[in-house]
Amino acid sequence: MTDFNHIDVRHAAINAKLEGWGRWVTQTDTGGSVSPMFRQYRSHAWQWEAPQLHAKGDPNEHMEIEKSVVRLPEKNRAAVQWAYAFHWVPVSAIRKELGMTRSALGQLLVDSRDMLINRTRQEKCSTIRA
């Protein structure tokens with residue numbers, strides 16, 4: 001059985017960045033579980049309460065991760081987006097969309113993390129040379 005929550009030691013740093021990116025991508029004011037009837041409703045309670053900051057971390061870092069994820073091949077991108085941003089989507093749905101078995105999807109996630117690590121290394125090297 002494939003454990004999608006298992007992260008290799010070599011992927012610890014990119015996993016932390018992807019988790020922050022996932023929270024940054026999916027942040028919404030309503031939390032996403034509001035009845036359609038009340039989706040556009042805005043309370044005036046904001047004038048008595050302190051504002052809440054939802055996104056934590058460096059927005060520039062999140063944008064860099066976003067750029068790297070978008071440049072991944074289609075299947076890799078879909079797997080990363082599912083695993084970190086849209087994790088409430090059932091495994092069966094993403095498997096059906098990508099046409100993969102559970103083990104192949106798990107391997108695709110591992111390969112995608114490796115690709116992101118390599119791309120961030122290449123980008124750092126190219127900015128140092130410039």
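Helices are DSSP runs of H or I with at least four residues, numbered from the N terminus. The model is predicted, so to speak of local features requires pLDDT of at least 70 and side-chain atom pairs count only at pLDDT 80 or more, while totals for chains, interfaces and linings use all residues. Within H2, highlight His62, Ile65, Ser68 and Val69, the buried residues (under 20% relative accessible area, with a 1.4 Å probe and protein chains only). They lie on the same side of H2, because they cover an arc of only 120 degrees around the axis (taken from the directions from the helix axis to the C-beta atoms).

Next, select Ser112 in helix H5. Ser112 is buried, with a relative accessible area of 0%. Apart from neighbours within four places in sequence, Ser112 is in contact with Leu72, Asn76 and Val80 (heavy atoms within 4.5 Å).

Finally, turn to the second largest pocket, which holds about 220 Å³ of space. A pocket is an open set of points on a 1 Å grid over the protein atoms alone where a 1.4 Å probe fits, with protein on both sides within 12 Å along at least five of seven lines; lining residues have an atom within 4 Å of a point. Select the lining, including Phe4, Trp82, Tyr84 and Arg113. Helices H1 (12-26), H3 (74-84) and H5 (102-129) each supply at least two lining residues, and H3 gives the most, with three.

Key
Residues are numbered from 1 along each chain as its sequence is written. Side-chain values use heavy atoms; hydrogens and water are left out. Buried means under 20% relative accessible area, exposed over 50%, partly exposed in between (1.4 Å probe, protein chains only). Grid points are joined across faces, edges and corners, and a volume is the space filled by probe spheres set on the points.
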